[in-house]
Amino acid sequence: MSHEPSTGTGFRAVLAAPGFRRLLVGQAVSSLGDWVATLAFIAAAFDKSGGSQTAVGAVLVLRLVPPMFAAPVGGAVADRFSRRTIMVACDAVRAALVVLVPFVDIALLYVIAFVHESISLFFLPARDATVPDLVPKGFLEEANGLVLSSSYASIPVSAALFGGLRLAASNLPDAVPFADVFREHPTSFAFFFDAATFVFSAAMIAGLQVEQRASARTQLLSDVVDGFLYAFRHPVLRSLAYGLVVSMFGGGVLFAVGIGYVRQTLGGNDVAFGWLAALWGLGMGVGLALVRFLVKERGRTPTFVTAVAMCGGVLVFMALVPVLWLSFIAAVVFGLVFSVAIVLALSLAQEAASERYRGRVMGGVQMLFRIGLGTGALGIGGLANSIEELRVGIALDGNQVGLLVGGGMILLGAMASAGVARPVPTDR
């Protein structure tokens, strides 16, 4: 594994690495476009279906289904071919796809949403497998924290930008060429913007000085199976998988149950739910900033296991102590430990996996991200909706039961993930 030389400490050392800096800038711009396009996909599905909430839900489901097959295959491809070429090609194809979305019917929109997300799961393993080669040794937490920050920090800006782009497309003067077409398809400017950010990202990545990878022989199915067997037999990666799934599961639980918990259990309103979500985001930002300090104080693996356990503990606390102002504090804590768990999971997986298997391991990480979120949202959301009240010494409504069950499952997963603390095998 080659690394950029260190020219500082902490985030300064990571940002001083020119290759990582190019990747980060490209990802920050592309992430802004992605969030704008996510809102545009929802709006386009709603408009094209005549106002169907089911159509909107279908678009969101299509963003969870591809990981079942695309991420492992994408990881195998990242281990066989030039990761830089894969990333540039994925950006170019996604740019071409999204410009079509405003002008197709709802069926083709579903197809494009599915293909788009699948291509993203070829891009992400290649990106995450490249990061360790671009940053100074020992600074993976900072690098992964910055990449995650670039993905989520643009959410507030993207909402305003989407609104502005949609308003601009809807009110074009007749003097503008094709003004009638754009007014008829008001999400077009948002998708065009997303396409432009993909082109920018591709240009930034194309300039990366990373080792070219190529293989004259590829057996895709056997490569995927080999990657799963490698991770299963590797004690650190196997334990990481437990902790990663359950921590993401916790995120899914809070997504699914959060609004019902605020409205029904706590008697709050949509403003209170907005505060809960905002404070979760604030906690994530604090966690990304503190992860290096926490690792220095406690060590990487104990911090990971503790963070996973605290994800479960916070949900249990919210279930048993339903007080609005305390839920705000709990949201900050949950966001903090959630982001720490995710950053450390990425860093531990990147470090533990041999270079030969790193793409497939990162593909597995992306798969587990989405499986954890999806099962938490769908499973616990369904459980909460099916229970009106449960009495176990105290009365619990469905939202509290969902939080309690979800939190308990995360605590069990944290116990299983304690194997991360074992020494990393030396067959690297």
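**Close-up 1. Helices H4 and H6 make a right-handed crossing.** This is a predicted model, and that goes for every view below. Here the axes of H4 and helix H6 (residues 106–134) come within 8 Å and cross at roughly 45°. Who does the touching? On the H4 side, look for Ala70, Ala71, Val73, Gly74, Gly75, Val77 and Ala78. Their partners on H6 are Ser118, Leu121, Phe122, Pro125 and Ala126.

**Close-up 2. A salt bridge joins Asp79 to Arg360.** Zoom in on this pair and you'll find the closest N and O atoms 2.7 Å apart. Where do the two residues sit? Asp79 belongs to helix H4 (residues 70–80), while Arg360 belongs to helix H16 (residues 358–386). They are 281 residues apart, so this pair links distant parts of the chain. As for the whole structure, it holds 6 salt bridges.

**Close-up 3. Helices H5 and H10 cross with left-handed geometry.** The axes of helix H5 (residues 83–98) and helix H10 (residues 188–206) come within 8 Å, and the crossing angle is roughly 165°. H5 and H10 are therefore roughly antiparallel to each other. H5 brings Arg84, Met87, Val88, Asp91, Arg94, Ala95 and Val98 to the contact. From H10, the residues taking part include Phe191, Asp194, Ala195, Phe198 and Val199. Further along H10, Ser201, Ala202, Ile205 and Ala206 also join in.

**Close-up 4. Helix H7 meets helix H15 in a right-handed crossing.** The axes of H7 (residues 140–152) and H15 (residues 324–352) come within 9 Å and cross at roughly 125°. That makes H7 oblique to H15. H7 puts Leu140, Glu141, Asn144, Gly145 and Leu148 into the contact. H15 answers with Ile342, Val343, Leu344, Leu346, Ser347, Gln350 and Glu351.

**Close-up 5. Gly268 sits in a loop between two helices.** The helices on either side of this loop are H12 (235–265) and H13. Which residues does Gly268 touch, if you skip its neighbours within four places in sequence? The answer is Val262 and Arg263. Now pick out Leu324, which is 56 residues away from Gly268 along the chain. The C-alpha atoms of Gly268 and Leu324 are separated by 7.5 Å.

Close-up 6. If you want to find Phe293 in the model, look in helix H13 (residues 270–298).

Notes. Residues are numbered from 1 along each chain as its sequence is written. This is a predicted model: local features need pLDDT of at least 70, side-chain atom pairs count only at pLDDT 80 or more; totals for chains, interfaces and linings use all residues. Side-chain values use heavy atoms; hydrogens and water are left out. Helices (H or I, at least four residues) and strands (E, at least two) are DSSP runs, numbered from the N terminus. Axes are lines fitted to C-alpha atoms, for helices over the stretch in contact, and angles run from 0 to 180 degrees between N-to-C directions. Angles under 35 degrees count as roughly parallel, over 145 as roughly antiparallel, 65 to 115 as roughly perpendicular and the rest as oblique. A crossing is left-handed if the near helix is turned anticlockwise from the far one by less than a right angle, and right-handed if clockwise. Contact means heavy atoms within 4.5 Å. A salt bridge is a side-chain nitrogen of Lys or Arg within 4 Å of a carboxyl oxygen of Asp or Glu.
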